[in-house]
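Please look through the sequence and the model shown here, and then read the short report that goes with them.

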Amino acid sequence: MYASFKSIGSYVPQGTLTNKDLEKMVDTSDEWITKRTGIKERRIARDDEAASDLGVKAAKIAIKRAGITSNQVDMVICATLSPDYLTMPSTAAMISKKLGIKNVMAFDISAACTGFIYLVSIAKVFIESGNFKNILIVGAEKLSSIVDYTDRGTCILFGDGAGAAIISSTDNIDEAIIDVHASADGNFGDLLITPGCGSKNPIREENVKEKLQYMKMAGNEVFKVAVKTLTNDVIDILKKNNISANEVDIFIPHQANYRIIEAVRMKLNFPLEKTAFTIAKYGNTSSASIPMAMNDMYEEGKIKKGDLMLLDAFGGGFTWGSALIKFAGN
Ligand code: ACO
């Protein structure tokens, strides 16, 4: 039994936050943000929308495109660093409830921006066990709920959104997900961290006053490790599978910074037109960024059945990973 990547869907909230808007909030400029990150605007969810609401909308599209119904989904996994609730219930359980999915395993994973690649890796193994047929994976983020809009080092980067996919069983090896590599190194944990509201620094007045509930990032240090790690990781997965960069049809990197994507793309000599770039319109949506970018390319007709996709991500933890996937949808 093999695991195949059957479908993709995404949801983008209506609200926008432009660089011009941010100029009025912190000491920054459209020119600085554009030049250093490539971001022009990000989407922001409504106050009454939680991560699961965004995830459900993406999931409905992925389920429909896979040609199945919700009651054929036999597992739901969500990657998020902005869950509906800090401890429980899980965002995956909320997504299941809203989709009417009952009596199947539903759980969240925490791998920051590498979340979607971790999801593919986990779903692949469960499908290959032979016990599951259709696994719904969702990357859903309401990052605006954990961003400090007085910190210019982070608030210019992040946006909200969700992406989802169905990983299904197949006996056709030509449709199989080829390989997934995912890793972590907690020694870098402090460089990209939400210090508060967990068991280390619980929700207490003094911690909230110090804004520990918001993301903090040593941007420049993260940048350097990200470029090096992502480049090496992509080279490794291609080499391990005896695939050359020019055999890849679509390169879908995590959308963190235009300059990071360009550094990896140029090192591998990927053509610009084969590379996903959604950073300008969505910013960094963490675990949702890869499926959102994939969905846009799919809807533009740039991803077709049988295409070889290379995914690549890096995020808090640090975590990183890459995947070589044949698109098995229609
Ligand atoms: N507007 C204007 N100036 C700014 C801003 C801003 N928004 N932010 C920082 N600056 C200033 C700094 O204060 C500094 O000023 P100084 O030279 O007077 O000290 C100067 O600009 C340069 O700052 P750097 O931090 O060195 O800028 P850099 O070019 O590294 O860009 C950025 C910052 C965009 C954050 C970049 O480092 C980056 O993209 N880092 C990686 C992010 C990433 O990949 N994260 C991982 C995934 S996210 C996740 O897992 C949740």
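The report below takes up a strand with its neighbours and then some salt bridges.

This is a predicted model, in which local features need pLDDT of at least 70 and side-chain atom pairs count only at pLDDT 80 or more, while totals for chains, interfaces and linings use all residues. Residues are numbered from 1 along each chain as its sequence is written, and side-chain values use heavy atoms, with hydrogens and water left out.

Helices (H or I, at least four residues) and strands (E, at least two) are DSSP runs, numbered from the N terminus. Strand β13 (residues 319–326) is largely enclosed by the rest of the structure, because seven of its eight residues are buried; buried means under 20% relative accessible area, exposed over 50%, and partly exposed in between, with a 1.4 Å probe and protein chains only. Two strands pair if DSSP finds at least two bridges between them. Strand β13 pairs in the antiparallel sense with β8 (residues 179–184) over six bridges, and with β12 (residues 308–315) over eight bridges, also antiparallel. Within β13, G321 is the bridge partner of A182 and of A313.

A salt bridge is a side-chain nitrogen of Lys or Arg within 4 Å of a carboxyl oxygen of Asp or Glu, and by this rule the count comes to 16. The table lists some of them.

| Salt bridge | N to O distance |
|---|---|
| K40 and D30 | 3.1 Å |
| E299 and R65 | 2.7 Å |
| E205 and K209 | 4.0 Å |
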